[in-house]
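This report is a reading guide to one structure, meant for someone meeting it for the first time.

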Amino acid sequence: MQKWSLNFRLWHWIHAAVMLGLLGTVFLRKTFLSWRTNSEIIIQKLGEQGVDVTAEEAKMLAKAIRAPMWDWHIILGYGLAALVVWRIALFFTPSGKRSFQNLKEEKSLHKKAVKLGYVVIYAVIAFMTVSGLVIHFYDVLGLTKDTAHDIKEVHELLYNALLIFVPLHIAGVIVADATEEKGIVSDMINGGKI
């Protein structure tokens with residue numbers, strides 16, 4: 001019998017790609033495609049060419065440049081919503097339950113902390129998914145722009161939790177694979193054996 005079903009492994013790797021895509025679009029938005037930085041560059045470079053633009057016009061251009069990338073964030077957000085539903089369905093399968101099995105019975109404090117960490121991160125991802133959809137559809141939901149902005153503040157704050165979790169997860173898996181859980185990476189690729 002396989003440790004991880006094909007269904008769970010597909011979910012895991014698609015989820016990894018979507019999460020990296022979402023984190024990447026936010027990273028680009030806050031760095032290379034920041035409208036604040038790019039609007040200043042637009043004003044400066046056009047000024048050097050003898051073209052004067054207002055700060056508002058430069059802001060509009062800078063936001064237009066990053067708009068296609070931000071469309072990807074929204075598309076990936078829909079994907080994440082589907083993945084959250086898929087993960088909930090997987091919970092009711094033996095492979096999906098394995099992530100949470102024996103949390104109380106686990107003897108190692110480290111293992112308990114890791115499993116509890118997954119519970120927390122799943123809750124964060126669920127919140128990020130719901131809050132992202134609420135921010136995107138705030139007008140349809142009858143919310144004010146101020147309410148959507150407040151939700152966005154929490155959404156962006158929790159982004160930092162994911163920014164910390166992802167590299168910790170990757171490092172933790174590499175360390176575990178090199179030490180006491182040899183084959184953990186290949187098990188998530190080929191299913192492993194119980």
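## How the helices pack

H1 and H3 are roughly antiparallel to each other, a word used for angles over 145 degrees, while angles under 35 degrees count as roughly parallel, 65 to 115 as roughly perpendicular and the rest as oblique. The axes of helix H1 (residues 6-30) and helix H3 come within 9 Å and cross at roughly 150°, where axes are lines fitted to C-alpha atoms, for helices over the stretch in contact, and angles run from 0 to 180 degrees between N-to-C directions. The helices named here are DSSP runs (H or I, at least four residues; strands are E, at least two), numbered from the N terminus. The crossing of H1 and H3 is left-handed, a term that applies if the near helix is turned anticlockwise from the far one by less than a right angle, with right-handed used if it is turned clockwise.

This is a predicted model, in which local features need pLDDT of at least 70 and side-chain atom pairs count only at pLDDT 80 or more, whereas totals for chains, interfaces and linings use all residues. Residues are numbered from 1 along each chain as its sequence is written, and side-chain values use heavy atoms, with hydrogens and water left out.

## Two oblique pairs

Helix H3 (residues 55-91) also packs with H5, at an angle of about 135° and with the axes 10 Å apart, and H3 and H5 are therefore oblique to each other. On the side of H3 the contact (heavy atoms within 4.5 Å) is made by Ile74, Tyr78, Leu80, Ala81, Val84 and Arg87, and on the side of H5 by Tyr122, Ile125, Thr129, Leu133 and His136. The crossing of H3 and H5 is left-handed.

H1 and H6 pack at an angle of about 125°, their axes lying 11 Å apart, and that makes H1 oblique to H6. H1 passes H6 in a left-handed crossing. Residues of H1 that make the contact include His12, Met19, Leu20 and Arg29, and those of H6 include Lys152, Glu156, Tyr159 and His169.

## Aromatic pairs

How many aromatic pairs does a search of the whole structure find? The search finds 7 aromatic pairs, where rings of Phe, Tyr and Trp (its six-membered ring) pair if their centres lie within 6.5 Å, and planes under 30 degrees apart count as stacked, over 60 as edge-to-face and the rest as tilted. The rings of Trp4 and Phe8 have centres 5.0 Å apart and planes at 20°, so this pair is stacked. Trp4 is buried, with a relative accessible area of 11%, and Phe8 is buried as well, at 3%; buried means under 20% relative accessible area, exposed over 50%, and partly exposed in between (1.4 Å probe, protein chains only).

Another pair joins Tyr118 and Phe165, whose ring centres are 5.9 Å apart and whose planes stand at 80°, so the pair is edge-to-face. Tyr118 lies in helix H5 (residues 109-136) and Phe165 in helix H6 (residues 145-178), so the pair ties together parts that are 47 residues apart in sequence. Tyr118 is partly exposed, with a relative accessible area of 24%, and Phe165 is partly exposed, with 23%.

## A cluster and two charges over rings

Trp4, Phe8, Trp11 and Tyr122 form one aromatic cluster. The charged end of Arg87 sits over the ring of Trp11, 5.5 Å from its centre, a description used if NZ of Lys or CZ of Arg is within 6 Å of the ring centre and within 35 degrees of the ring normal. The charged end of Arg29 sits over the ring of Trp70, 4.4 Å from its centre.

Met69 is found in helix H3 and is buried, with a relative accessible area of 11%. Not counting residues up to four places away in sequence, Met69 touches Thr25, Leu28, Arg29 and Leu33. The C-alpha atoms of Met69 and Ile41 are separated by 19 Å, and these residues are 28 residues apart along the chain.

His136 has its place in helix H5 and is partly exposed, with a relative accessible area of 35%. Leaving aside its neighbours within four places in sequence, His136 is in contact with Ile74 and Tyr78. Glu40, in helix H2 (residues 35-48), is exposed, with a relative accessible area of 56%. Glu40 and Ile170 are 130 residues apart in sequence and 37 Å apart in space, C-alpha to C-alpha.
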